[in-house]
Every structure is written in structure tokens, then in C-alpha cells.
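I opened the model to look up its aromatic contacts and its strand pairing. My notes follow in the order I took them.

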Amino acid sequence: MGRQSEQRPQKVQVVKPLNGNSEGDSRQAEQEEQEKAQAKKNDGLRPYGYDLFAGNPTTFAPVTEIPVPSDYTLGPGDVLQIQLWGKENQNLELPISRDGSISFPQSGPMSIAGLSFDEARQQIKKRISEQYIGVEASVSLGELRSMRVFVLGESRNPGSYSVSSLSTITNALYVSGGIKQTGSLRNLQHKRNGNLVGTLDLYDLLMAGDSSADNRLQPGDVIFVPPVGKRAGIDGEVYRPALYELKGESTLAELVEMAGGLTPQAYPQRINIERTNKDFLRIIAEADYTTQKGRQARIRAGDKVDIPSISDITGQYVELTGAATRTGKFAWIPGMRVSSLLQNLDSDLMPTADKRYAAIVRTHQETDRISVLNLRLKEALGQEGGKEDLLLEEKDRILIFSDAGKVKGGEKGRNFTREGLFNPVLQRLKTQASPANPQQTIRISGPVRYPGEYPLPASRSLADAVFVAGGLKDSASLFQAEVARYTTDENGIGQTRILDVNLAQAMAGNLNLSLKSRDRILIKSIPDFAKTRTIELRGEVRYPGQYTFRDGETLSEVLQRAGGITTNAFPKGAVFSRKKLRQLEAQRLREAEKRLQGDLLGVQLEGDSFSGQSVDRTQQVQGLLEDVQESDPVGRLVIDLARVLSDPNYQSIRLQDGDTLSVPTIPQSVTVFGEVQFPTSHLHQQGLTVDDYLERSGGPTRQADESRIYVVKADGSVMLPEQSQWFGGRSEQLEPGDTIIMPIDVDRLNQLELWTNVSQIVYQMALGAAAVGNL
């Protein structure tokens, strides 16, 4: 007979996680959604105890490592381990066969099925002592048999399961994934051969740790989970708010005990019991839990018990909130000051806290109105008992704000801004306002650290209002500020007055100005504060670099500061560019790109409607589009640098921030760009004309438009040889640094509805930029 381990089935995955992708997992997810919906119907209360089987393992390991009880009944599949010593030493592993017997090597079979382990051990020892003289034996159990049991009813996964022969009811429930919320936890039925063997109340196990009714299973046993019985809910000040299954007649005291008892914050004298009456209407009954009658109040199915809490701590406390390390309510003692609650700025406040300013929100006992006191936190803790170390009253709330300069992204203190903590306070101040007590708020704007709306300072001082807003920035003008005040005239008509204020006097406390309800304070900025304007001088300048210029300063003045130009400079080719002009050219390039993209789409849609020339035109337009996309705006302003330096009557060039002046060295070349065979640069020779340089570049291509040839002069001006009379036509001689540009023939693409200025934009900017770079 082979080893029992060879006959045992392989372990299979019998308990699966709830969040998988299998069909069973989908069913579990659907049950979870149903349970959430049911909990929502019960005001968030969930049935108690069903999470006992949460977090199920993926496999269920049979119980084999625990001691075997002496009354364990042996059966087919169990393996006995027998150790012989004395005259003969031998270790035997004898599996119990299907007929209930074990076979000794030399003495034949022995029937032991149905015997308890203790009875079998005695019989085996007796047989060995009789048949083997001088040999003693030790008998123990090896591998235990597995058995098939059934879990049925309101189980999460009802069916047949293979478990260890030592398994109990809870082991089988664990294997099956637990019980659905529609199943009972208090009346689990253990059946054998159709007869009820026993019942298990899981509440005994969950609440008292009593597993005495957790019977051991036998092959073929059935665990039946009946539908859940009557339930009642309990919420409020108990330790385990939930829905509990009732068993028989239940009292309020029993329900409270199941819920873990009352918390110290519970108010037991008026417990609400919500239930359905005979007319199917929800009514509310009350019970006094401090009396015997109240504790014995009957709980019915569907009842919902609410244990109220003590309404609030009756005075005798102050509250700390915001960017403090220990927030919450603290005991109030008469004579208590701020320094009694906060002793150390470093240990009692978060690193992100504003250590200069805090606020005290005070509730007046008689009127129930709030007011806000400003607290100079550093001075208060620096001199205990001093003027700034304010006395605290009952129910004072101290707000500790975060300092925006200290808060990094994702840090906790980012939520404790002035706006965030003051928002509910401002709402309360606005709702409690009346004609006799105007709204106690102000608004401050301008160069302060935290502009916004704030409670009116109790001192009504402008300096205190600025302090609340975090103080002045260095860009604030101390000479002038404005206070816009809303008032009503003798006829009750509203009007706004503007009060001019000397801010320096106000901050020094020398100004007799009292802030009023809804005042709007405007702190003015120093005009052009810390604003620097620069021009960059490059190339052949005596001292090139980035120069800061004064308002209204001209180019000639800055060049004079830079030492003028060098002897190698070519002033006629100087490139003066301006940021605003670059932005305008960039806009024109974007417009040209959009036009060309539309024309390219038109070519592709027309197909062969142009006598087979559509492909060529598509390529030509695509080339223009690429030129536009690759072009960088230059923003060149044409100037005569030589006259700027030498002619006092030449128009002054007032500088703007971001201007650039590049002075090239004296050039020796003439460049040809555009639709020529070989676009390149040529060494300048006296006497050569436009046609001469075109000829040296191989002449025009077949896409060229010879009638629109133009020359970009070294100073940036553009001349058209065909139209300029002074230029003398294309036979005119050129100068060093000039650039000849041969444009594309736009007329050949007229059928594509290309605009002529697109070509001009491309060649004046893209090729013009290349001409500048050639200097």
C-alpha cells in the first residue's frame, strides 16, 4: 500500500481575494456594493461581526501541527507513526486503508477504524508486546486524513469543501469565505445525516472569546447558515456602533453591552429609540439609562437606538487651532494668559507657523457675538504677563496661521492660511451685523504680504490692520495711502469718501485715524519699484555687455558710456533689435504659417485639377511652410549708427527694455540667397553688379521671380533694383555686407490663392534674418 501522502489531493486555491478579476471575484464585488447600499439606508451603520472573515488567505492549510486529542476517531486516510526499539529498532508509517485496517510487515492486518486514537494506541502496543518479544513501541499520528464537508445557506461561497479531519465549524466557514450580511451569525446549524447536532452563536466567540460550541466536524457534515434574524441598530456614544442581531427578547442594556458600552461622552438620561409602530410610521421613544426601567426597555426588530453626547463642554476651556503642534481644547483657569498655553515658539508651533501674529476669537457670554483680538505672538511669549500677553477668557479660540514663505509644496501648514482660518470668522461677523452693530470687517490691498479681507482690529488702528495683513512689502510707498470709507449722509443715502493718509505717520502711530466698518485700505506701490531696463551691446563695442539705462536715456548716451565702437567696427551693418518688434514679427510669422497650411490643404484637396502639376505646387508650398516654421523673428529697427554717433541732429533713439545692438566687423562679402542654383557668399569686388553676383551663384531656378529681386543693405534697408531710380537698376554696383535675395514666383501659384505678402514675409524675415547673420 502506498504512502497516504501520495493519495492525498493537491492543495487548491479555495479561498480567493475579494478584489480579483475572476467570476467569483465579480460576485464578491457585487455583494460588497449591495452591502454598501444597505449601510447607506441604515445611516451608515453596518452589521456587526461580518468582517471576522475579511482578508481571507488564498489557500487553506489543513490543521496538522496541533496535538491530536485522545478521543480523536481514526479513519481511512490517517497515517500512524510507530517507533519500535529494544531488541528490534524500526520506524513504521502505516496508513489506514479503506477497509479500516493497518498492515504490519510481519504480522498481518489489524482493524482499527472507528476506534479512538487512545484505544488504537493501546491495542497496537499490546499486539507488538505479544508478537515481538523484547520490543517496545511508541505510537503517534502522522498525516491526518482530509474530509469533505458542506457549507450551505447564506455563505459567501456555498458548496463542498475539503478540510482537515481536525477542522471545526469556524474553520469551514473560513474556507468558504465567511457569511453574507443576509446570513445569521447567532444560529449557525451543524447537521449530520439530516439531524441537528448543535448550533453555534458567533457573538459568543466575537464578544467573549467562547469557542466551546465550535464543534469538530466529521466527513459529510453540513454547516447551514440560515437567514439573519431580527436586527436593531445602535449609534452615537458607544464603542461599537453597528447593527446587531437579536436573539430572543432583548433589552436596551443588552444592546448597549453588545455595542461595547457607553463612552465617557455619552449622555445616558435621554436615549432616543426610533422604531416603527403598528401603523408603519417611524416614531421616537426615549429611555433614561440611569434607571432600572430604562435599562430594561425592550428592543424590537428594526429599532435604531441613538446614544446622544454631552452637548458641549460647559465653559472652562480654551481652544487652540491652526499651525500648532498640539491643537484642541485645553482647561481654562481664571487669570490664564496666552503664555500659559504656549510657552515656546519653537516646540509649541509648527516650523511653518507665523511666529509674529495670531488672533483670538472671543465669544461674549451675554450676547453670543464674536470679536477678534490681534495677538503679537512673539512679544506675548517674550514678556510673560506683559501688555501683549493677553488674558484669556472661557471659550477663547486662538488661531495660529502659517507663514507662506515657510510652507513648501505638500506640507501640512499650507491649509492654515489667513484666508482659510479667517473665512468662517468673517462669515460669522457678517451674519451678526445689524444697523446698530455694523459689520466689523475691513479689506486691505496693495503691497502687503497677505492682502485680503480681515476682521476690524479692536484698536481700529491702520498700523494694526497692516500688521494683521503680514506687514508692508519693500515696494510700499510710505508717503501716501488711501482709505475708502462707505458712509451715509443725513438723508440716508450711501456714498464713498476717499481719505488720503500719510502711511509713515500712520505706521509710527502719530496719525489720528480710526478705522470703521467696511473700510477699504489701499497701500500704494513705489512707481517702477526695482524695475530695471537693460540694453545689450555686442560685437565691436569698446566695452560690450548688458547696460542698465535710466528712464529716457538714448542709444548714443549708452554707447558713450560703453566707450564707443572699435576701429574694426562696421557701423553701417549694425543690427539694432527690439523686443516689441520681435513679437510683432512672430505674430506675422504665425499668420503666414496658418495661411500656408490652409493653402497646402487646398492643394491636397484639389488633386490633379492643375494639369498634373499638383505635386510640384504641393512641394513648393510645403517648402514655403517649412521656411516660415524655421524662421526666427529678428525685430530689427533700421538705424544709421554712424549718424547716431556723430550727428547731434539725428533723431534720438530712446531705449526700451530688452533692446539689443550688435556691431559687426567690417565685412568683405556679398551674399546671394533664395531661388538661385547655389545660394552662397562671394568676396566683394569693386565694379560687380547684381547680375554679376547672380551669375556667380548659377543664375535663378525655374521657380524664381526675377522681376522681384531685392537687396538687403548692410544697414537693414531693402532696395528693389527694378523699381529704384537712384539704385540704377540691376547694373548698380554693390557694397560689402549687401545681401541679394531672389524670391519665389508667386504668380505661378496664383491658382492656389497664395497671397503675395506670404512670400514677402518669408523672405524679409527668414532670409532677412540670414542676411543679418551674414554680417
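**Aromatic cluster.** The model is predicted. I began with a group of rings: Y357, F401, F422, Y454 and F467 form one aromatic cluster. I then looked at F401 and F422 as a pair. Their ring centres are 5.0 Å apart and the planes stand at 45 degrees, so I noted the pair as tilted. F401 belongs to strand β22 (residues 397-402) and F422 to helix α11 (residues 418-431), so this pair ties together parts 21 residues apart in sequence. Both F401 and F422 are buried.

**Charges over rings.** F467 of the cluster came up again here: R376 lies over its face, at 3.9 Å from the ring centre. I also found the charged end of K191 over the ring of F224, 5.4 Å from the centre of that ring.

**Aromatic pairs.** How many aromatic pairs does the structure hold? I read off seven. One that I checked is Y48 with Y244: the centres are 5.0 Å apart and the planes at 35 degrees, so this pair is tilted. Y48 sits in the loop between α2 (23-41) and β1 (79-86), while Y244 sits in strand β12 (residues 242-245), so the pair ties together parts that are 196 residues apart in sequence. Are these two tyrosines buried or exposed? Y48 is buried at a relative accessible area of 14%, and Y244 counts as buried at 0%.

**A three-stranded sheet.** Next I traced an open sheet of three strands, in the order β2-β1-β5, with antiparallel pairing. Its edge strands are β2 (90-95) and β5 (135-141), each of which pairs on one side only. From one strand to the next the twist averages 20 degrees. I recorded seven bridges between β1 and β5, and Q83 stands opposite S138 in β5. Helix α3 (residues 117-131) packs on this sheet and touches β1 and β5; its direction makes about 160 degrees with that of β5.

**Partners of β27.** Which way does β27 run relative to strand β23? Strand β23 (residues 441-445) and strand β27 (residues 520-525) run parallel and are joined by three bridges. In this pairing I noted R443 opposite R520 in β27. Strand β25 (residues 476-488) also pairs with β27, here antiparallel and through five bridges. E482 stands opposite L522 in β27.

Conventions:
Residues are numbered from 1 along each chain as its sequence is written. This is a predicted model: local features need pLDDT of at least 70, side-chain atom pairs count only at pLDDT 80 or more; totals for chains, interfaces and linings use all residues. Side-chain values use heavy atoms; hydrogens and water are left out. Rings of Phe, Tyr and Trp (its six-membered ring) pair if their centres lie within 6.5 Å; planes under 30 degrees apart count as stacked, over 60 as edge-to-face and the rest as tilted. Helices (H or I, at least four residues) and strands (E, at least two) are DSSP runs, numbered from the N terminus. Buried means under 20% relative accessible area, exposed over 50%, partly exposed in between (1.4 Å probe, protein chains only). A charge sits over a ring if NZ of Lys or CZ of Arg is within 6 Å of the ring centre and within 35 degrees of the ring normal. Two strands pair if DSSP finds at least two bridges between them. Axes are lines fitted to C-alpha atoms, for helices over the stretch in contact, and angles run from 0 to 180 degrees between N-to-C directions. Contact means heavy atoms within 4.5 Å.
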